Amino acid sequence: MSADARFMRLALGLGRRGLGGVWPNPAVGCVIVQSGRIVGRGWTQPGGRPHAEPVALAQAGEAARGATAYVTLEPCAHHGQTPPCADALIAAGVVRVVVAAGDPDPRVSGRGIEMLRAAGIVVETGLCADEARADLGGFLSRVTAGRPEITLKLATSFDGRIATASGHSQWITGPEARRAVHAMRARHDAVMVGAGTVRADDPALTVRDMGVARQPVRVAVSRRLDLPLMSQLARTAREVPVWAAHGADADPALIEAWEGLGARLLPCAVAGGQLDMGSVLQALGVAGLTRVFCEGGGALAASLLSADLVDRLVGFTAGLSIGAEGLPGIGALGIAQLDEAPRFELQEVRPVGRDALHIWRRARG
């Protein structure tokens, strides 16, 4: 592995520290190297500011003069709540910048690189680009498609069931798998479930035993907003954010009740008698979310898959079978031919305790 690749992979690892805690900004990493020695490291800080580059430059100090900066995303070129990172790199006297991926944000989109080159800085692009785009997929999706990246998680029996016919589901998978789910929640901006899951399981949807400083937003999807007003979500809405996506036909009294509890309400379009998931995700994107972890239930999973809105599948499969009378993990999709089924590419398989974890990405082409 070349030195450039080694330093960029370090920057990628630093950037991942911000996943779930920096939205609507991207989780960027930066490494400053002087004469083969790392003099500064940085990543996007909680809440999205300061950005990775000024954090790394502050650590480097005068050692940044004449150094190379490795950045996972094109340095910003616009004045927002902070000055442009491209200006900061120029002012610090960096002579070379290696960029993994370009930023499609219209306020940047090549301008950051142009600013650096106009200042006489050597700029190289594309190193570890695929890895960077995978890490930054949520930010890129929000900028280019107007919606967050969606990960659909299912914890099922070997035969694809999430509960028995009576609704009993605790616990299909083991404690190690449940802990892994909490770690995954922590790396996402929000956790999303359907109304049926709220009513059946009364989930808290928080990250526990991980020492996180910022909990993910909890999103409930309910056309009629008929969610239990004594649920864990309702009781804790002022402590951990609760957002509810609902249709225009939701009862005004329920709207008033949930707003009174501290929830943020997102009116969305209805199609075919249910919430249009494209509209829901657009609303979440407008609100700033970049990475959403969907934990069911079956109807919501089917709606997302039918609308081709799932970017990643995460499955925890347990070594037990419940049978055909059990509750399926995914609702009806109306598929008659196999070529109509959404396809995903396997990325990873590994044991987690007594269960198997498998991760799939949206198939290309």
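Where is D202 found? D202 sits in the loop between helix 8 (195–201) and strand 9. The legends below describe close-up views of a predicted model.

**View 1. D202, a residue with a positive phi.** D202 is not a glycine, although its phi is positive, at about 50°. The loop that holds D202 runs between helix 8 (195–201) and strand 9. D202 has a relative accessibility of 28%, so D202 counts as partly exposed.

**View 2. S35, also with a positive phi.** S35 has a phi of about 55°, a positive value, although S35 is not a glycine. The loop between strand 1 and strand 2 holds S35. Is S35 buried or exposed? At 74% relative accessibility, S35 counts as exposed. The cut-off for exposed is over 50%.

**View 3. The cis peptide bond at P24.** W23 and P24 are joined by a cis peptide bond. Omega is about 5° here. P24 lies in the loop between helix 1 and strand 1 (29–34).

**View 4. The cis peptide bond at P50.** R49 and P50 are joined by a cis peptide bond, with omega about -5°. P50 has its place in the loop between strand 2 (37–43) and helix 2.

**View 5. Helix 2 beside helix 3.** Two packed helices are described by the angle between their axes and the distance between the axes. Helix 2 covers residues 52–60 and helix 3 covers residues 85–92. Their axes come within 9 Å. The crossing angle is roughly 20°. Helix 2 and helix 3 are therefore roughly parallel to each other. An angle under 35 degrees counts as roughly parallel. The crossing of helix 2 and helix 3 is left-handed.

**View 6. Helix 3 beside helix 4.** Helix 4 covers residues 111–118. The axes of helix 3 and helix 4 come within 9 Å and cross at roughly 20°. Helix 3 is therefore roughly parallel to helix 4. Which hand does the crossing of helix 3 and helix 4 have, left or right? The crossing is right-handed.

**View 7. A salt bridge between D135 and R16.** The structure holds 18 salt bridges. One of them joins the side chains of D135 and R16, with 2.9 Å from N to O. This pair links distant parts of the chain. D135 belongs to helix 5 (residues 129–135), and R16 belongs to helix 1 (residues 3–16). The two residues are 119 residues apart. D135 counts as buried, because its relative accessibility is 17%. R16 has 38% relative accessibility and counts as partly exposed. The cut-off for buried is under 20%.

**View 8. A salt bridge between R223 and D249.** The side chains of R223 and D249 meet in a salt bridge, at 2.5 Å from N to O. Here, too, the pair links distant parts of the chain, 26 residues apart. R223 is in the loop between strand 9 (217–221) and helix 9 (232–235). D249 is in the loop between strand 10 (242–246) and helix 10 (252–261). R223 counts as partly exposed at 23% relative accessibility. D249 counts as partly exposed at 39%.

**View 9. A salt-bridge network.** Which residues are linked with R147 in a network of salt bridges? The network links R147 with D308, D311 and R362.

**View 10. A salt bridge between R350 and E348.** The side chains of R350 and E348 meet in a salt bridge. The N to O distance is 2.7 Å. R350 counts as partly exposed, with 39% relative accessibility. E348 counts as partly exposed, with 32%.

**View 11. Q347 in strand 17.** Strand 17 holds Q347. Q347 is partly exposed, with a relative accessible area of 48%. Q347 and G137 are 210 residues apart along the chain. Their C-alpha atoms are separated by 15 Å.

**View 12. A nonpolar surface patch.** I330, L333 and I335 form a nonpolar patch on the surface. Together they have about 190 Å² of accessible area. I335 lies in the loop between strand 16 (327–328) and strand 17 (344–352). The relative accessible area of I335 is 37%, so I335 is partly exposed.

Key: Residues numbered from 1 in each chain as written. Predicted model: local features only at pLDDT ≥ 70, side-chain atom pairs only at ≥ 80, totals over all residues. Heavy atoms only, no water. Patch = residues over 30% accessible without salt bridge, like charges linked within 9 Å, V, L, I, M, F, W, Y side chains within 5 Å. Areas by Shrake-Rupley, 256 points an atom, 1.4 Å probe, with all protein chains shown as cover. Salt bridge = Lys/Arg side-chain N within 4 Å of Asp/Glu carboxyl O. Helix = DSSP H or I, 4+ residues; strand = E, 2+ residues; numbered from the N terminus. Buried < 20%, exposed > 50% of the residue type's maximum accessible area, 1.4 Å probe, protein only. Axes fitted to C-alpha atoms, helices over the stretch in contact; angles between N-to-C directions. Parallel < 35°, antiparallel > 145°, perpendicular 65-115°, else oblique. Left-handed = near helix turned anticlockwise from the far one by under 90°.
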